[in-house]
Amino acid sequence: MIISETGHAKAVWASLMIAFLCLQSTAALTAENIGARLAVPSPEQLIWQDYEIGMFIHFSMNTWQDQEYDDLGVPLSEFNPDRLDTDQWAQTAVDMGAKYVVFVAKHVGGFCMWPTKTTDYAVQNTPWRNGKGDVLADLSDSCRKHGLRLGVYLSPADRKHGATVGGRCSSPDEQDRYAALYREQLTEILSQYGEMVEVWFDGSLVVEVGDILARYAPRAMVFQGPYATIRWVGNESGFAPYPAWNSVRCVDGESGIATAANGDPLGAMWLPLECDARMRRDWFWSGKNADTLKSVDELMEMYYLSVGRGATLLLNHTPDTTGLIPEADAKRSREFGLEVKRRFGRSLAETNGIGASIELELNGTKRIDHVITMEDTAFGERVLEYAIEGLNGGTWQTLCEGTSVGHKRIDGFKPIEVSKIRFRAVKAQAPPIIRKLAAYDTGGASIPERTNVSIWSPKADLAQEIILWQWGGPSGGDAQTVSLDVGQYCRHAGLYRLEFRPGDSSSTIPNIESLEFLIDGLPASEFLKQVKGQPSEYRVNVSGIDRRMDIQFNVPKGSGKTGQGKLIFQLIPPDSK
């Protein structure tokens with residue numbers, strides 16, 4: 001069944017789908033799949049996924065420290081970005097094709113980029129604009145002027161106020177004080193700067209904020225935490241795995257820290273993916289990272305492996321101490337935006353349709369090297385396996401094959417001349433509803449060959465056990481403090497096994513005290529859980545890679561260990577959790 005180009009009207013689509021189900025054979029679709037209950041996005045999630053590209057902005061006191069994390073060692077008198085121009089930031093976003101901006105209003109150091117009543121560690125106590133400046137207000141105005149949506153990152157961790165990952169503090173009294181401070185900060189941001197498109201709670205969140213979100217940001221996408229409506233991909237490379245399913249099981253979605261590793265086409269919760277990545281090596285500007293600016297080819301690889309796999313790409317930019325995004329970075333963003341437009345700004349032909357087979361006439365024989373397919377995900381993600389075929393000399397020839405389509409799938413292949421292309425659903429949960437099927441000739445543009453992304457692994461890799469630490473000898477011995485860098489072994493986001501394993505039946509494990517999991521030196525206890533009924537086994541939820549992660553514990557003197565044993569660390573296959 002072929003449908004000519006029409007508007008994207010849901011009522012029309014629904015009528016066509018009903019008519020199709022009444023008239024069309026569904027030979028490739030099983031009866032039980034036709035009746036499947038699929039996860040579907042909210043209207044706000046649908047809109048957000050159409051943005052496809054966003055711009056992240058990291059700018060804080062550590063910009064002046066030439067490092068990634070604020071050590072609170074630079075006086076506020078140093079903060080004076082005298083050329084700060086948020087119009088330049090916004091124009092850079094527009095040039096690279098971004099539709100929204102997520103601004104780091106507070107990073108883990110605790111410095112606030114807006115005048116706040118909650119702390120003195122903020123812009124009002126700096127010489128910048130004589131203490132009257134407000135970076136967030138300026139950026140809000142610039143986004144409106146340039147037709148961009150604005151989002152904010154408000155770090156739950158806050159070194160200035162003693163909060164670690166998730167906003168967790170060391171005592172109930174400190175927790176209550178910080179929760180009140182954080183809630184007030186979030187209220188200030190969400191109530192004073194216009195409607196937010198996205199709110200980032202990096203590392204999840206233990207502070208209750210549901211009432212604030214419901215009152216001031218009911219339509220915003222929420223990144224991590226108990227109210228999450230979007231999902232972190234699980235790395236900081238800008239790459240999604242393939243397939244990258246939009247839905248997850250409710251138990252995973254409600255955890256607040258689900259990643260692409262939790263994707264499940266049969267999941268009941270729609271939780272689309274966002275891929276955050278960096279223009280340079282680091283998240284913040286540094287005098288030592290100018291030569292790490294990514295090339296257009298590297299940025300296009302990100303685009304193919306994020307947007308081209310149905311995810312959204314959030315690409316970070318780093319204003320320097322003047323307050324401007326470096327010109328080399330802005331120029332590279334323009335080049336990237338132009339290359340995306342060159343390749344995919346205009347199709348040779350496109351159509352839409354409903355059913356297991358959809359054809360697109362090219363109005364004569366045309367050379368093509370890419371096809372973009374989009375499902376109408378308002379009705380769920382239906383395609384589980386597909387093939388794209390081209391009519392070449394009267395014969396249908398397979399051009400490419402795949403599994404998920406979702407919001408968007410970009411397929412590239414060697415240039416070929418065809419008169420028609422055909423989308424064929426090999427396997428689907430319900431009759432496919434294709435929003436767009438389009439053919440392109442990019443002139444033989446380079447196509448990323450990367451197949452493995454640091455989230456999933458082959459089964460053989462998943463079976464590998466890493467020995468972190470070993471013990472042996474008789475009972476007794478001196479006390480030990482053990483610190484183990486596990487980040488070096490975490491090539492995939494997901495769930496890991498941490499197990500103290502005796503060498504044989506006559507061996508015992510040591511008495512372990514103060515077992516902790518740390519991320520970037522900060523305790524992250526919510527990511528380490530003991531297995532019920534198994535005192536020597538734990539689960540470590542690694543929600544990201546490319547960062548410092550440590551296991552620390554104390555072994556007291558005369559710890560009771562006998563024989564030999566080892567502490568092992570192992571990635572658990574996603575299907576065996």
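Strand S24, residues 549-555, is mostly covered, with 5 of its 7 residues buried. Buried means under 20% relative accessible area, exposed means over 50%, and partly exposed lies in between (1.4 Å probe, protein chains only). The model is predicted: local features need pLDDT of at least 70, side-chain atom pairs count only at pLDDT 80 or more, and totals for chains, interfaces and linings use all residues. Residues are numbered from 1 along each chain as its sequence is written, and side-chain values use heavy atoms, with hydrogens and water left out.

**Strand S24 and its partners**
- Strands (E, at least two residues) and helices (H or I, at least four) are DSSP runs, numbered from the N terminus.
- Two strands pair if DSSP finds at least two bridges between them.
- Strand S18 (residues 480-485) runs antiparallel to S24 and is joined to S24 by 6 bridges.
- Threonine 481 has asparagine 554 in S24 as its bridge partner.
- Strand S20 (residues 513-519) also pairs with S24 in the antiparallel sense, over 5 bridges.
- Methionine 549 in S24 stands opposite isoleucine 519.

**The protein as a whole**
- The protein has 11 helices and 25 strands.
- Of its 577 residues, 56% are buried.
- Among contacts (heavy atoms within 4.5 Å) with a separation of 6 or more, 77% are between residues 24 or more positions apart.

**The open sheet of 8 strands**
- The strand order is S5-S4-S3-S2-S1-S10-S9-S6, with parallel pairing.
- Strand S5 (221-223) and strand S6 (231-232) are at the edges; each has a single partner strand, so one side of each lacks a neighbour in the sheet.
- S6 pairs with strand S9 (residues 273-278) in the parallel sense over 2 bridges.
- Tryptophan 232 has glutamate 274 in S9 as its bridge partner, and arginine 231 has leucine 273.
- On the other pairing, 5 bridges join S9 to strand S10 (residues 312-317), and these two strands run parallel.
- Arginine 278 stands opposite asparagine 316 in S10.

**Burial of strand S9**
- All of S9 is buried, 6 of the 6 residues, so S9 is largely enclosed by the rest of the structure.
- In a regular strand the side chains alternate between the two faces of the sheet.
- Leu273, Cys275 and Ala277 lie on one side of S9, Glu274, Asp276 and Arg278 lie on the other, and all are buried.

**Cysteines**
- A disulfide is a covalent bond between the sulfur atoms of two cysteines.
- With a disulfide taken as a pair of cysteine sulfur atoms within 2.5 Å, the count is 0.
- Cysteine 143 is buried, with a relative accessible area of 1%, and cysteine 275 is buried at 0%.

**Cavities**
- A cavity is a set of points, on a 1 Å grid over the protein atoms alone, where a 1.4 Å probe fits but cannot get out; lining residues have an atom within 4 Å of a point.
- Grid points are joined across faces, edges and corners, and a volume is the space filled by probe spheres set on the points.
- The whole structure has 2 cavities of 30 Å³ or more.
- The largest cavity has a volume of about 40 Å³, and its lining includes Gln224, Arg231, Trp232 and Leu271.
- Ala, Val, Leu, Ile, Met, Phe, Trp, Tyr, Cys and Pro count as nonpolar, Asp, Glu, Lys and Arg as charged, and the others, Gly among them, as polar.
- By these classes, the lining of the largest cavity has 6 nonpolar, 2 polar and 1 charged residues.
- The second largest cavity has a volume of about 30 Å³, and its lining divides into 3 nonpolar, 5 polar and 4 charged residues.

How values were computed
On a 1 Å grid over the protein atoms alone, a cavity is a set of points where a 1.4 Å probe fits but cannot get out, and a pocket is an open set with protein on both sides within 12 Å along at least five of seven lines; lining residues have an atom within 4 Å of a point.
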